[in-house]
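Dear colleague,

I am passing a structure on to you with this email, and my notes on it follow below. Please read them with the coordinates open beside you.

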Amino acid sequence: MTLPRHVEAPAPRGSPGDEDPLRIALLTYRGKPHCGGQGVYTRQLSKALTDLGHHVEVFAGQPYPELDERVALWRLPSLDIFNDHFPGRKPAFWEINTLADRIELHSYRFGTFSEPLAFSVRAAAELRRRAGEFDLVHDNQCLGYGLWGIQRAGLPVIATIHHPITVDRRLEMAKARDRRERFGKWRWYSFTRMQTRVARRLPRVVTVSESSRADICRDHRVAPERIAVVPVGVDPEVFRPRSDVARQPDLIVTTASADVAMKGLQHLLEALDRLRRAGRDVRLTVIGKLRDDSPTSDSVARGSLAGAVRFVSDLSEEEVVALYAEAAVAVVPSLYEGFSLPAIEAMSCSAPLVATTGGALPEVVGADGVAALLVPPGDAAALAAAIARILDDAALARRLGEAGRRRVLERWSWRLTAERTVEQYRTVLAAAGPVRRIMTRTPDAAAPERSSRCAERAPLP
């Protein structure tokens, strides 16, 4: 395995000094490039760490993230059972070649989300062979049992938990319509028990807000002194106001999944229905995908919502920025958020924002009426009233947009995220120092190239 021509391999060495650049293996079991926090986090953090002079290699499963050209991407292909085009597909027998493949297939057959465990096993197999080439491993929300194998190989492991998936589990089970559906949700989310066991054995956990920190303490039973809050960021040069794009006075924009109860899209649709029945000709653009068999697809095709709701997906960052520039109001209707990248992206674009008080959103957007209007989660009437208030008050809309942009510039940058993350890396390495010096194998610079059945190098651009 070789690095691409535009990525320089780090010089061999033992344990890093306090000021040495670090060699980081960043793991992400899902890295969807333009929507979903994991892909954005992986791309932006790896770039910001590289800007600081550190060496980062990303190990990822499908969908693969898009990375800065200086960051190496190692593809660890899954069976891709939950792909966007054929979700729930059945792999053919000739696709089952490794232990991780068998784990993924059998976990799926038992009704469990199988990707985190299987990915962690693939990553462990790869990193055990390359243990001497990295100073530490940073896991992004996978928390699979394979991380224990990485630790046994002598590599310190730190993990980011954006929020515990146990929260999703509670909300989805509360939404279940009958016992059968409730049992199915319980079985699907059974992987969260693994994540709790793994999180409790990690030396350090990074999370993105005080709200998520409290939830991790409660649900995963991780000691609070082992959890550090490192907020994520936004690139204000990309997500910026667009003076060349006119705001549409009737356009509402949101980023939300139609199939995840936690994102609160159903409540926003109810608010839109209220506004349209009150005589307002408002439209909603949802950045996200709508499945044909989703209950939401029936809702948006009937009554007052017919023709008023549009779903768009696979947008570039510039296309997302243009949508926020057109929006009269941006809305984050979530029942819960561990942080909310869509909120700070909208704020960075000076879009007037309505958000709920679910989870960490008040931490992120600030007090009600300063940089956003805040409403209780799950309250469609309050959402409708806040949206109408912005639509009717141009001065308020302008003030919220300008204050949101200022808040982002003052608080949320990826460089600051990277600097604070490196502080946590060095804390973990200092604690693991004596053991790390004994267990780390310094790579032989003259060693022949190696290959792996499970790791596939991303093609050169």
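A residue is called buried when its relative accessible area is under 20%, exposed when it is over 50%, and partly exposed in between. Please also bear in mind that this is a predicted model.

By that definition aspartate 80, at 21% relative accessibility, counts as partly exposed. Aspartate 80 sits in the loop between S3 and helix H2 (99-109), and its phi is positive, about 55 degrees, although the residue is not a glycine. Aspartate 314 also has a positive phi of about 55 degrees without being a glycine; this residue belongs to the loop between strand S10 (309-312) and helix H11 (317-326), and because its relative accessibility is 59%, aspartate 314 counts as exposed.

As background, most residues other than glycine have a negative phi, and most peptide bonds are trans.

Helix H3 (residues 115-129) has 15 residues, which at 1.5 Å a residue should span 21 Å, and its end C-alpha atoms are 22 Å apart, which agrees. The buried residues include Phe119, Val121, Arg122 and Leu127, and the buried residues of H3 pack against strand S1 (23-28), S2, H2, strand S4 (136-140), helix H4 (146-152) and helix H7 (191-200).

Conventions
Residues are numbered from 1 along each chain as its sequence is written. This is a predicted model: local features need pLDDT of at least 70, side-chain atom pairs count only at pLDDT 80 or more; totals for chains, interfaces and linings use all residues. Side-chain values use heavy atoms; hydrogens and water are left out. Helices (H or I, at least four residues) and strands (E, at least two) are DSSP runs, numbered from the N terminus. Buried means under 20% relative accessible area, exposed over 50%, partly exposed in between (1.4 Å probe, protein chains only). The expected span of a helix is 1.5 Å times one less than its number of residues. Contact means heavy atoms within 4.5 Å.
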